[in-house]
Each structure stands twice: as structure tokens, then as C-alpha cells.
Amino acid sequence: KHRLDELPQLLNIISGNISLVGPRPEQLALAKKYSVLMPDYNLRHKIKPGLTGLAQIIQGHVKTLDETKRKLELDLLYINNRSLRLDFEIIFETIKVVISGKGGK
């Protein structure tokens, strides 16, 4: 409910494997599948993956291909517009989700 299962990811942030904010990493098998179905999918790998991201606070978990396409759009929107201010906004919204125990908007 409060995403406590994500706490071990803090070690990945400290070690530099992932960022605090960025596109969430995807399972390798799914990433390969999506890169075939969506030609721009690999563009989300231009930056380090993150613990939280724009897609997570706006959309939350995805189940369908259409939802995954929307997630990609949000990831690319973040990549093309990333800034310290946007990162802080995403972090603030993530904290609200964690405290409330609710998913993305």
C-alpha cells in the first residue's frame, strides 16, 4: 500500500545504478516486446531509469498496450522536458502517493 517494497531501490540510487527520477525500468522481456511494437520505445533508455517518474504519478500501473503507449508518451515528455523543477514536482507528488497509499492519478 505504501510502496515499502521499493525501499531496497534506494541502494540502487546510492550505487548510481538508477536515478531518483526517470522512466521506471522495465523487465527485459517486456522491453524487448515493446521495442518491436513501439518504434520509439528505446528512446526512453536515453537517460538512467528512475525510482519514480512522470508516468508513475500521472498514470500508475499499466495493463494494456494502449496504457503502455501512454506511459511511453509520458516518459518521453519527461526526457524532453526534464529539469530540476520538474524532478522536485515529481518527487513531491510521489511522496503524496506514498503517504496516502493510493496509486497514481
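Q: What makes a residue count as exposed, and which residues of H5 are exposed on its other side?
A: A residue is exposed when its relative accessible area is over 50%, buried when that area is under 20%, and partly exposed in between. In this predicted model, Leu84, Arg85, Phe88, Phe92 and Ile99 are exposed on the other side of H5.

Q: Why is Arg85 called exposed?
A: The relative accessibility of Arg85 is 64%. The cut-off for exposed is over 50%, so Arg85 counts as exposed.

Q: Why is Glu93 called buried?
A: Glu93 has a relative accessibility of 18%. Buried means under 20%, so Glu93 counts as buried. Leu86, Ile90, Thr94 and Val97 are also among the buried residues of H5.

Q: How do you know that the buried residues of H5 line one face of the helix?
A: Viewed down the axis of H5, the buried residues fall within an arc of 105 degrees, so they line one face of the helix. These buried residues pack against S1, strand S2 (50–52), helix H3 (54–58) and H4.

Q: How does the span of H5 stand against the expected one?
A: Helix H5 covers residues 84–100, which makes 17 residues, and reaches 24 Å from its first C-alpha to its last. That is close to the 24 Å expected at 1.5 Å a residue. Just after H5, Gly101 takes a positive phi of about 75 degrees.

Q: What makes the pair Arg85 and Glu89 a salt bridge?
A: The closest N and O atoms of Arg85 and Glu89 are 3.0 Å apart. A salt bridge requires a side-chain nitrogen of Lys or Arg within 4 Å of a carboxyl oxygen of Asp or Glu, so this pair qualifies. The two residues are 4 residues apart in helix H5, separated by about one helical turn. Glu89, at 37% relative accessibility, counts as partly exposed.

Q: How do you know that Lys96 forms a salt bridge with Glu93?
A: The closest N and O atoms of this pair are 3.2 Å apart, and the limit is 4 Å, so the pair counts as a salt bridge. Lys96 and Glu93 are 3 residues apart in helix H5. Lys96 is partly exposed at 41% relative accessibility, whereas Glu93 is buried at 18%.

Q: Which salt bridge does Arg70 form, and what places its partners about one turn apart?
A: Arg70 forms a salt bridge with Glu73, with the closest N and O atoms 3.3 Å apart. Both residues lie in helix H4, 3 residues apart. Arg70 has a relative accessibility of 38% and Glu73 has 47%. Both values lie between the cut-offs of 20% and 50%, so these residues count as partly exposed. By the rule for salt bridges, the count comes to 5.

Q: Why is Asn17 called partly exposed, and where is Asn17 placed?
A: Its relative accessible area is 48%. This falls between 20% and 50%, so Asn17 is partly exposed. Asn17 sits in the loop between helix H1 (9–14) and strand S1 (19–21).

Q: What makes the pair Asn17 and Ser15 a polar contact?
A: The side chains of Asn17 and Ser15 are joined at 3.0 Å. The limit for a polar contact is 3.5 Å, so the distance falls within it.

Notes:
Residues are numbered from 1 along each chain as its sequence is written. This is a predicted model: local features need pLDDT of at least 70, side-chain atom pairs count only at pLDDT 80 or more; totals for chains, interfaces and linings use all residues. Side-chain values use heavy atoms; hydrogens and water are left out. Buried means under 20% relative accessible area, exposed over 50%, partly exposed in between (1.4 Å probe, protein chains only). A polar contact is a pair of N or O atoms within 3.5 Å; within protein, one must be able to donate a hydrogen and the other to accept it, and residues adjacent in sequence count only if both atoms are side-chain atoms. The expected span of a helix is 1.5 Å times one less than its number of residues. The arc is that of the directions from the helix axis to the C-beta atoms. Contact means heavy atoms within 4.5 Å.
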